[in-house]
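Subject: Structure handover and notes

Dear colleague,

I am passing on the structure below for you to look over.

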Amino acid sequence: MIREKSGKNPTKLPKGVIAVARPSFRRERALLKRGVWPVAGCDEAGRGPLAGPVVAAAVVLDPKRIPKGIDDSKRLTPERREELFEEICATASFAVAFASPARIDRDNILRASLWALACAVHALPEMPKHVFVDGRDRLETSCDCEAVIGGDGLVLSIAAASIIAKVSRDRLMCKLAQDCPGYGFESHKGYGVPEHLAALNRLGPTVHHRRFFAPVVAAREKHQAMTVETAVTAMETQVNSGIPVGV
């Protein structure tokens with residue numbers, strides 16, 4: 001249960017319920033008062049999955065038209081994320097960027113994520129003068145960049161970006177599920193849940209899987225061994241039956 005404290009007399013909560021404050025527009029408003037604008041928030045979705053890209057988003061909220069209820073995407077139901085996604089897209093400036101599994105394999109997950117975040121910032125309709133990014137690492141941008149640990153629960157623009165990134169990635173994984181039936185991408189979105197691990201073990205990796213994540217490596221090695229064993233068995237059958245190999 002989430003309640004926001006405000007004022008000198010916060011609402012009393014039932015015993016055992018912890019109050020969690022929603023992200024605020026305070027930091028963006030402070031910069032706006034100093035004449036620093038546009039100010040963007042950025043966040044990514046999809047660092048942990050075994051399949052699919054990392055999706056990054058950058059958002060510049062309109063101070064006069066901020067949708068109500070924006071929060072860290074992880075605190076919202078899928079239905080509420082979808083609603084807020086549409087409201088943010090209708091009222092804010094935003095951009096989305098993708099780091100493919102191939103880039104993740106080449107650069108590692110952290111570098112690929114930071115690259116996608118920087119791409120999203122530079123893809124905004126107007127380059128911001130200041131950027132808030134969720135996490136410990138600042139981005140390589142031409143404007144000031146401030147890293148905020150736990151920023152998706154503190155800074156409203158970052159929370160908005162978390163919603164855009166999450167919904168964009170979820171929709172993409174549902175489309176990939178149509179191309180790769182049997183893996184359950186539409187339900188687990190590529191995360192390493194038991195259903196996904198079982199499909200990997202049964203079917204082997206797809207081109208959308210991250211080659212160097214441990215469960216994918218194990219599944220690939222298993223299926224390569226099975227392929228070799230099948231080929232050897234077929235060759236032995238030909239030899240034993242008197243059929244010339246290669247005919």
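N108 is placed in the loop between helix 3 and helix 4 (109-122), where helices (H or I, at least four residues) and strands (E, at least two) are DSSP runs numbered from the N terminus. Although N108 is not a glycine, its phi is positive, at about 90 degrees, and with 35% relative accessibility it counts as partly exposed; on the scale used here, buried means under 20% relative accessible area, exposed over 50%, and partly exposed in between, with a 1.4 Å probe and protein chains only.

Please bear in mind that this is a predicted model, in which local features need pLDDT of at least 70 and side-chain atom pairs count only at pLDDT 80 or more, while totals for chains, interfaces and linings use all residues. Residues are numbered from 1 along each chain as its sequence is written, and side-chain values use heavy atoms, with hydrogens and water left out.

Most residues other than glycine have a negative phi, and most peptide bonds are trans. K189, in the loop between helix 6 (185-188) and helix 7, also has a positive phi, near 60 degrees, without being a glycine, and at 13% relative accessibility K189 counts as buried. A cis peptide bond, with omega about 5 degrees, joins W37 and P38, and P38 is found in the loop between helix 1 and strand 1.

The structure holds two aromatic pairs, a pair being rings of Phe, Tyr and Trp (its six-membered ring) whose centres lie within 6.5 Å, with planes under 30 degrees apart counted as stacked, over 60 as edge-to-face and the rest as tilted. The rings of F25 and W37 are edge-to-face, because their centres are 6.3 Å apart and their planes stand at 65 degrees. Since F25 lies in the segment before helix 1 (26-33) and W37 in the loop between helix 1 and strand 1, this pair ties together parts that are twelve residues apart in sequence. F25 is buried at 6% relative accessibility, whereas W37 is partly exposed at 21%. Y183 and F185 form a stacked pair, 5.6 Å centre to centre with 20 degrees between the planes; Y183 has a relative accessible area of 7% and is buried, as is F185 at 0%.

In helix 7 (residues 194-203), the residues H196, A199 and L200 are buried. They lie on the same side of helix 7, because they cover an arc of only 100 degrees around its axis, the arc being that of the directions from the helix axis to the C-beta atoms. The face turned away from this buried side carries the exposed residues P194 and R202, and just after helix 7 comes G204, with a positive phi of about 85 degrees.

Best regards
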